[in-house]
Each structure stands twice: as C-alpha cells, then as structure tokens.
Amino acid sequence: MRVGNLIPQLLVCRAYKKLVKIDHYEMSKRILVTSALPYANGPIHLGHLAGAYLPADFYTRFQRLKNRDIIHICGSDEHGVPITIAAEKEGITPEEVVEKFHTGNKKVFEQFGIDFDYYGRTSSETHRKTSQEIFLKLYEDGIFNKKSQEQLYDEEANMFLPDRYVKGTCPKCGHPEAYGDQCEKCGASLSPTDLIDPVSSITGNKPIIKETEHWFIPLGDYQERLEEWLDSRDNWKANVLGQCKSWLDSGLSDRAVTRDLTWGVPVPLPDAEGKVLYVWFDAPIGYISATKEWAEQKGDADLWKTYWQDKETSLIHFIGKDNIVFHCIMFPATLMQHGNYVLPENVPANEFLNLEGQKLSTSKGWAVWLSEYLESFEADLLRFVLGSILPETKDSDFSWKDFQNRVNSELADILGNFVFRTTSFTNRFYDGSVPELSNPSDLDHETLEEINKQKGKIEQAYNTFKFREAITETMTLARVGNRYFTETEPWKTRKENPEACGNTLYVCVQICAALSVLFEPILPRKMSVLRKQLGLPETISWDEVSINLVPSGQIIEQGKILFNKIEDEEVEEQVAILQKRSAAMGKNQKEYAPIKKETSFNNFASLDLRAGKIVAAEKVQKSNKLIQISVDIGIEKRTILSGIAEFYDAEEIIGKSVVVVSNLAPKKMMGIESNGMILMGEDTEGKLHFVETDSEPGSKVL
Ligand SMILES: [Zn+2]
C-alpha cells in the first residue's frame with residue numbers, strides 16, 4: 001500500500017520538477033553571463049571570438065532588448081605557467097606581459113562591440129582575497145587531501161620546475177626539444193620524468209628529484225552529486241553533456257589545486273611558502289571577483305551576492321570545448337562544497353573554428369588577429385559572418401572567400417539592398433514621408449504578419465542558444481521584404497495605382513524598422529545607423545517590435561548604402577598575408593637535427609676531400625634510389641653510388657663540379673662497388689643538392 005502510494009508521488013514530483021526547471025530559466029529574475037577568461041599571454045583571434053565571446057554577446061544583447069536583468073562578466077586570466085614563460089621569452093616581467101595583453105584584448109573586445117558589464121583581471125587584489133577565501137573555506141571543511149609527490153627541482157634557481165620548464169629528448173620520437181608535459185613534434189603527452197636527459201629551461205642544469213606537498217580536491221567524492229546535477233539539466237548541448245559523461249564514466253580522481261610557483265595567488269596557509277593556487281582553481285573564481293568589482297563600481301558592494309547567491313539567478317557560462325571539464329565538473333564541485341553559490345543553468349560550449357581548412361595555430365602564424373582584421377574591415381561584418389558559421393554543434397571553417405560571399409550576397413544584396421530601395425524610394429517619391437496604409441491587400445497583410453512570425457522564431461532561437469538559426473531567421477525577414485518589394489513593383493504602381501504603391505512602401509518601412517531591432521544583437525553598429533535613418537529612437541525594446549513601429553507621416557532619411565561589397569582583391573590580400581606569415585613562422589619553427597658529438601681535428605683532417613667533375617651517370621637497374629656516377633677526381637675516375645634518383649635524372653647531373661670524400665672505405669650496393677661519397681646539402685623540403693666547387697678536379701677541399 002505504502003509502496004504503491006509512493007511511486008505515483010515520485011512521478012508527480014519528477015514531472016513537477018521538470019516544469020519548475022523550465023520555468024526557472026524563463027522566469028528567473030536575473031541572468032548572469034560569463035565568458036571564458038582569455039589568457040593574457042597573447043592577442044585575441046577569430047577562434048576565440050567564435051568560441052565564447054560572440055555567442056555570449058549575442059545572447060546578452062538579445063536579453064537586454066527583452067529588458068531582462070542581465071550582466072555579462074569577463075576578464076583576463078593572468079596566472080599560470082604560460083605567462084611566466086612568455087615573460088622570460090621577451091625578457092620582461094610577468095606583470096608587464098599581462099598588462100600588455102589585458103589592455104590590448106580589452107580594447108579589441110570594445111572595438112568588436114562585445115558588451116561586457118565588467119572586464120576584470122585575476123591579478124587584482126579582490127581576486128586574490130576571493131580565491132583565498134574560497135580555498136580556506138574548503139580547507140576548513142577538511143575536504144582537501146594533502147599528498148606529497150616527487151617533482152623535478154632546479155637547485156640553482158631554487159625552485160620546483162613546472163612541466164613546461166623541463167626540456168629533454170622525447171622518449172617516443174627522439175625530438176631533442178620536448179617539453180615536460182608534451183612533445184610538440186610527435187604529440188605524445190609526457191611527464192617530465194619520462195624525458196631523456198632532462199634539463200631545466202631556466203638554468204640549463206640537470207634537475208634533481210625532490211619531494212613536494214600539494215593539496216588535492218577529491219573530485220570522486222562529488223561524483224554522485226555531479227551526476228545527479230548534470231542529469232537534472234535541461235536543454236544542454238549534446239557535445240557538452242557527452243564530454244561530461246565521458247569524464248564521469250572514467251571515474252573522477254583527486255586533482256591538485258596548488259602548484260609550486262611564485263606567480264599566482266599564494267596559498268593562504270602557513271606551511272605553503274612558494275606555493276600558489278593552481279590556475280584552474282583560481283581562474284573561474286575570477287568570474288566572482290570581477291562581479292564583486294562591478295558591484296563596487298556600481299556603488300552597491302553587496303550587489304554581487306544577488307547574482308551569485310540568490311536562487312533566482314540563471315548562471316550561463318559561455319566557453320570553448322577545451323574548458324568544459326573545468327566549468328561542468330571542477331568549478332561546480334568547488335561551488336557545491338562551498339554551498340553558498342548558484343550552479344550553472346547552462347554551459348553552451350562551442351566546438352572549434354578552423355581557418356581556411358586548417359586548425360588555427362598562434363605559434364604557426366595560422367590565425368587572423370582581431371586587431372589585424374580591423375585594419376581592413378568593419379567589426380559588424382565579422383560578427384555576422386562568424387555568427388552564421390559558429391561551431392555550435394561541430395567544428396566549422398572560416399575562409400576569406402566565404403566571408404566575401406556572405407557579406408556580398410546576404411548583407412549587401414539582401415539586407416542592404418532592401419533597406420536602400422525602401423528608404424531611397426520613399427525619399428524620392430514621398431519626400432521621405434512614410435505613406436499611409438490604406439485598403440491593404442492580402443499580400444500586404446501577410447507580409448506585415450511575417451514580422452511577428454519571424455520575431456517569434458528568432459526569439460526562440462536566442463533562448464535556446466541557437467545563434468546561427470537566429471541569424472538565418474532574421475535574414476529571412478529581410479529576404480521576405482526584398483521579394484515583396486520586387487513583386488509589388490512600386491516603380492510601376494507609383495503611376496498606375498498610387499494607393500498600392502504607398503502600401504508597399506509602408507510595409508517595407510515597417511520591415512526595415514523591425515529589422516533594425518531584430519538584427520541589433522548581431523549588427524549593433526549598423527542597426528543603430530539604420531534606426532537613425534528611419535527616425536527611430538536609439539533604444540527600442542524587443543517587445544515593442546510590431547507591424548507598425550513607424551507611423552505614417554514620419555520623415556525618414558535618404559538611404560545610404562549600409563554594406564559595401566567586398567572585392568576579390570581585398571580577400572585575396574588577406575589570404576596572401578596569412579600564407580606569407582605562416583610560411584615565415586614555419587621557417588623559424590624548423591626543427592634542426594641536433595649537432596653531433598664533438599670530434600677531434602685529427603679525425604676531421606683524416607678525411608680526404610677532393611674537387612671532382614661528374615663525367616657519366618646512369619640509374620642503377622632494379623633500384624629506385626641509386627644513380628651510378630663516374631667522377632673525374634684528377635688522379636683517376638671513380639665509380640660512386642649516390643641515393644639521389646628521386647631528385648635527379650641521371651643525364652641532368654653530368655658535368656657538375658662536386659666535392660668527393662675520396663678516401664672512404666669502399667662499399668658494395670646492388671652488386672656494384674662504390675668508392676667514395678659525393679657531398680650533398682638538404683633543403684627545407686628534404687631535397688638534396690650538390691655541394692659545388694669551382695676548383696679543378698683533383699684539387700684539395702679544405
Ligand atoms: Zn616526440
């Protein structure tokens with residue numbers, strides 16, 4: 001009886017909970033948006049923008065138009081080993097590195113219209129205090145495990161070496177410059193003790209192994225709670241849940257939250273000298289500290305609590321897929337343990353953006369930096385194009401040709417053309433005064449109704465983080481307007497049926513006006529210009545958008561071209577810049593074979609090098625590589641076999657003046673005895689070239 005009663009009750013509870021959850025998101029009093037803190041060791045490129053910042057900005061701008069209470073928080077992540085490495089490379093301090101990129105990145109975000117309420121930095125005093133408080137709370141709860149581990153230590157520099165500070169030979173591929181955590185040549189992930197002949201990259205000394213102690217968060221203890229919480233999430237992207245699930249399925253283990261370093265937030269414990277919080281423990285706390293600074297700036301120091309601690313807040317983290325584990329597992333575990341914070345409502349992480357079919361790579365120069373983009377094009381164009389190809393469910397590709405196509409065929413030919421036709425026609429034939437709507441046809445009604453229809457679809461797309469769809473549906477409205485203008489032929493009805501002509505213009509003006517708000521999240525600057533042209537106020541809310549936003553008789557300006565077409569040469573130039581830089585950086589990145597072990601002068605002097613001239617050459621039958629060469633070295637003619645058939649035809653090398661190692665012991669290959677060796681040099685593509693000389697055959701080469 002009891003059991004029978006319980007089951008339906010549970011079901012009711014679940015169904016009810018589900019309702020509450022959906023309501024919570026729609027009805028929550030406020031929204032807190034964060035976007036991934038960019039690392040302050042380099043400039044922002046296209047991939048960053050498409051990963052987190054544009055989607056976060058589209059969403060925030062849409063919700064602002066909806067008059068929701070929403071704030072958007074971000075800032076520079078200024079701790080961690082890559083910062084100290086960048087500092088050493090440039091011969092400046094870590095403070096100087098983060099200052100440079102914090103300022104530069106903040107500026108470029110502004111130029112792209114990324115509408116942060118606050119852009120903080122993790123080197124701030126508020127952040128130090130906040131991270132230390134959270135660490136101490138967890139410490140006092142007794143949840144950390146303190147464990148000692150062996151780590152490489154540089155005795156001269158007097159410090160433990162982070163993995164990136166240890167270099168040595170890769171045990172997998174023999175690359176002499178592998179890092180303690182990874183070999184960049186073969187991609188193997190390593191631990192510093194795997195390296196052959198490890199050296200400290202600070203002093204070049206061989207490090208010793210020394211014990212060190214760290215605090216670990218036992219993530220396994222939160223496994224069940226995390227699973228339950230993730231199960232209760234609605235409308236999460238499959239790629240995000242999938243990644244979380246694979247972490248959970250493999251079982252969560254202890255993660256160190258401290259590091260031996262001097263750059264970072266010091267561990268606030270007496271026995272922790274020389275230790276800082278692990279950057280992945282402190283970075284997400286940066287969202288909280290930046291919100292605190294924002295609240296202080298607002299003059300209400302406690303306001304941050306409303307956003308982080310009140311259950312009526314929906315917290316949304318915008319990130320790239322490489323940060324999923326930190327935002328969906330580690331940070332929530334920290335917040336759960338702390339207890340006073342809201343957990344994310346959603347983490348709509350994006351996949352990666354590629355560039356011209358290749359993976360973006362800062363170190364290989366395969367990237368478009370935003371500051372560089374702005375030298376040639378307007379920010380809104382990139383917002384639109386990247387927004388149209390966001391890697392929402394899988395990796396996507398940006399190409400300059402596609403950029404040009406989308407700007408020309410959609411922004412210029414559809415949206416721009418429609419606005420221009422409407423405003424210039426109204427100016428030319430109605431003195432800029434919006435005509436009356438009188439006796440509208442079915443088509444006029446239906447077309448006006450498209451405004452409401454599309455508005456609903458666009459709204460739904462924004463609410464579910466489908467920004468590509470939001471853009472498509474908004475452009476659809478412009479397409480509808482453009483087609484309607486063409487079909488109703490106002491240039492004809494102007495004389496034949498002035499009433500119909502006036503109706504056409506009235507309807508088109510209303511669509512232009514609606515677009516100036518509906519496209520606002522994507523094209524904020526252009527739509528502001530459009531609203532001015534239409535004599536509309538700067539701010540119009542989403543809900544005010546209707547089928548009669550502009551009254552008859554309102555004066556609108558002579559149309560100006562909103563979007564100019566992009567010429568072939570302009571994008572070809574961008575591709576050329578990209579290729580040139582990548583080639584130059586690729587060359588600098590060339591990996592050289594290590595210098596061989598030292599040899600004595602006597603060893604060197606024992607080689608007899610002579611100038612020679614190739615007098616005959618033929619390919620060795622049955623061999624793909626060998627050419628049999630006859631060389632005149634003055635004293636005699638020698639037969640030498642050389643493995644160069646893949647680079648040269650036998651005939652083309654006859655007559656070349658070369659350098660021969662004349663006293664090399666003979667060696668038999670394919671039944672032919674080779675007496676000596678011809679010196680060759682290898683180019684970057686691996687092709688061999690003769691070392692040539694002007695000397696007479698038989699002369700010594702020294
Ligand atoms: Zn390797």
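Are glutamate 459 and lysine 66 buried or exposed? Both residues are buried, where buried means under 20% relative accessible area, exposed means over 50%, and partly exposed lies in between (1.4 Å probe, protein chains only). The model is predicted: local features need pLDDT of at least 70, side-chain atom pairs count only at pLDDT 80 or more, and totals for chains, interfaces and linings use all residues. Residues are numbered from 1 along each chain as its sequence is written, and side-chain values use heavy atoms, with hydrogens and water left out.

Salt bridges are treated next. The structure holds 37 salt bridges, each defined as a side-chain nitrogen of Lys or Arg within 4 Å of a carboxyl oxygen of Asp or Glu. Glutamate 459 and lysine 66 form one of them, with the closest N and O atoms 2.8 Å apart. This pair links distant parts of the chain. Glutamate 459 sits in helix α14, lysine 66 in the loop between α2 and β2, and 393 residues separate them. Helices (H or I, at least four residues) and strands (E, at least two) are DSSP runs, numbered from the N terminus.

Aspartate 254 forms a salt bridge with lysine 147, and the closest N and O atoms are 3.1 Å apart. Aspartate 254 lies in strand β10 (residues 254–256) and lysine 147 in strand β4 (residues 145–154), so the pair ties together parts that are 107 residues apart in sequence. Aspartate 254 is partly exposed because its relative accessibility is 28%. Lysine 147, at 34%, is also partly exposed.

Glutamate 557 pairs with lysine 560 in a further salt bridge, at 3.4 Å between the closest N and O atoms. Glutamate 557 is partly exposed, with a relative accessible area of 36%. Lysine 560 counts as partly exposed at 48%. Elsewhere, salt bridges that share partners join Asp57, Arg61, Arg383, Glu520, Arg531 and Glu538 into one network. Side chains of opposite charge can pair when their charged atoms come close.

Helix α12 (residues 379–388) is mostly covered, with ten of its ten residues buried.

The zinc ion is coordinated at 2.3 Å by the SG atoms of Cys170, Cys173, Cys183 and Cys186. Donors are N, O and S atoms within 2.8 Å of the metal (3.2 Å for Na, K and Ca); water is not among the atoms, so sites may look incomplete. Along the chain, the donors have the spacing C-x2-C-x9-C-x2-C. Angles among the four donor atoms run from 106 to 111°, and the site is tetrahedral; for four donors, this class requires all angles to lie between 85 and 135 degrees. The ideal angle for four tetrahedral donors is 109.5 degrees. Cysteine 183 is buried, with a relative accessible area of 0%. Cysteine 186 counts as partly exposed at 38%.

Two strands pair if DSSP finds at least two bridges between them. β15 (residues 353–355) and β16 pair in the antiparallel sense over two bridges. Leucine 355 has glutamine 358 of β16 as its bridge partner. Glutamine 358 is partly exposed, with a relative accessible area of 42%. The C-alpha atoms of glutamine 358 and aspartate 397 are separated by 8.1 Å, and the two residues are 39 residues apart along the chain.

Most residues other than glycine have a negative phi. Asparagine 67 has a positive phi near 60°. Asparagine 67 lies in the loop between α2 (46–65) and β2 (69–76), and counts as exposed at 59% relative accessibility. Phenylalanine 465 also has a positive phi, near 60°. The loop between α14 (442–463) and α15 (467–488) holds phenylalanine 465, which counts as buried at 6% relative accessibility.

Conventions
Four donors count as tetrahedral if all angles lie between 85 and 135 degrees; four count as square planar and six as octahedral if opposite donors are over 155 degrees apart and all others between 65 and 115; anything else is irregular.
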